Amino acid sequence: MKIGVTRSVLLSSAVLSLGLLGGCATTAEQPAAPAPTQNMAAQQGAAQAIASAKSAYADAQAKGYAWTTTPPLIAKAETAYKAGDYAKATDLADKAKAEADASANQYYLAMGTQNLEKLQGMKSGMSPAQLDQLKQADGLYHDSKGKALYDLTGQMLTEMKNAKRTSFTVTKGDTLWGIAGMPLVYGNPYEWPLIYKANAGKIKDPDMIHPGQDLTIDQGASQTAVDAAIYHAKHRGAWKLGQPTSSDLKYLKGGM
């Protein structure tokens, strides 16, 4: 009896072992879980994408050009991030940033266009190199490259401002009003009395200047002097060609 029981037990054990081995051989292999480092990289990438989108939106909002469709995209990206769908979060955040960048570009395009219009009025005083830059700026405008347009035109305006005239040779048809209004002189015709006062020894009547006269352009006038000049230009009163008015003489002496 003992021998039979033992053989039976051994046989049962062998059958069980074969069954287990057979089960292992037929069970499908499970895909390996993503490596922790890969998942962490995706999480960090999504977090960075969301932060970049928020920063770009804040910049556009500060300029007053933010789009209302951007915040919902950022909110969806954050929801996907919390749910662990980092690929979706990154995609949504990238779209939000693209929107914010596009809205900021609208701001730069608007500001750059204003600068370009000012520069167009200064063409007569530009060097060949500056005219080439102006042509380049015009190309940036047509290509809607706002930031590049804004940077280039801003730089050009600064250069032109620093290159304002300190002297002017009168040609036929010139007037103090017209000279003062030139962008490279004062850019405001009402400031003509500044030229009159700076050249009081050359100009007897501010309504009569002559071709060939070399006039000094005062670029260092204080704001008080500028205000006084504009006031005189607007309140000069009736004038007669060939002689200064009493208000002209009073202005030259320092009064308004």
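Colleague: Where does Ser144 fall: buried, exposed or partly exposed?

Modeller: Relative accessible area decides it: under 20% is buried, over 50% is exposed, and partly exposed lies in between (1.4 Å probe, protein chains only). Ser144 has a relative accessible area of 38%, so Ser144 is partly exposed. One caution before we go on. This is a predicted model, where local features need pLDDT of at least 70 and side-chain atom pairs count only at pLDDT 80 or more, while totals for chains, interfaces and linings use all residues. Residues are numbered from 1 along each chain as its sequence is written, and side-chain values use heavy atoms, with hydrogens and water left out.

Colleague: Where does Ser144 lie?

Modeller: Helices (H or I, at least four residues) and strands (E, at least two) are DSSP runs, numbered from the N terminus. Ser144 lies in the loop between H5 and H6.

Colleague: What is the phi of Ser144?

Modeller: Most residues other than glycine have a negative phi. Ser144 is not a glycine, yet its phi is positive, about 60°.

Colleague: Which residues of H5 are buried?

Modeller: Gln130, Gln133, Leu134, Ala137 and Leu140 are buried. Look down the axis of H5: the buried residues fall within an arc of 115°, so they line one face of the helix. The arc is that of the directions from the helix axis to the C-beta atoms. On the other side of H5, Pro128, Asp132, Lys135 and His142 are exposed.

Colleague: What do the buried residues of H5 pack against?

Modeller: They pack against helix H4 (86–120) and H6. Contact means heavy atoms within 4.5 Å.

Colleague: At what angle do the axes of H4 and H6 cross?

Modeller: Axes are lines fitted to C-alpha atoms, for helices over the stretch in contact; angles run from 0 to 180 degrees between N-to-C directions. The axes of H4 and H6 cross at roughly 35° and come within 8 Å. The crossing is left-handed. That word applies if the near helix is turned anticlockwise from the far one by less than a right angle; clockwise is right-handed.

Colleague: Which residues in H4 meet which in H6?

Modeller: From H4, the residues include Asn105, Tyr108, Leu109, Gly112 and Leu116. From H6, they include Gly146, Lys147, Tyr150, Thr153 and Leu157.

Colleague: Lys147 forms a salt bridge with what partner?

Modeller: A salt bridge is a side-chain nitrogen of Lys or Arg within 4 Å of a carboxyl oxygen of Asp or Glu. Lys147 pairs with Asp151, and their closest N and O atoms are 2.9 Å apart. The two are four residues apart in H6 (residues 146–162), so about one helical turn separates them. Both ends are partly exposed: Lys147 at 39% relative accessibility, Asp151 at 37%.

Colleague: How many salt bridges does a search of the whole structure find?

Modeller: It finds seven. One of them joins Lys63 and Asp59, the closest N and O atoms being 2.7 Å apart. Asp59 is partly exposed at 33% relative accessibility. Another joins Asp248 and Arg236, at 2.8 Å from N to O. That pair links distant parts of the chain, twelve residues apart: Asp248 is in helix H10 (residues 246–252), Arg236 in the loop between helix H9 (223–234) and H10.

Colleague: Are Asp248 and Arg236 buried or exposed?

Modeller: Asp248 is buried, with a relative accessible area of 0%. Arg236 counts as buried at 10%. Salt bridges that share partners also join Asp207, Arg236 and Asp248 into one network.

Colleague: Which residues does Lys164 touch?

Modeller: Start with its place: the loop between H6 and strand S1 (167–169). Lys164 is partly exposed, at 28%. Lys164 touches Pro183, Leu184, Val185, Tyr186 and Gln219, leaving aside residues up to four places away in sequence. Take Tyr186: 22 residues from Lys164 along the chain, with 8.2 Å between the C-alpha atoms.

Colleague: And where does Gly173 lie?

Modeller: Gly173 lies in the loop between S1 and helix H7 (176–181). Gly173 is exposed, with a relative accessible area of 69%. Gly173 and Pro211 are 38 residues apart along the chain, and their C-alpha atoms are separated by 8.2 Å.
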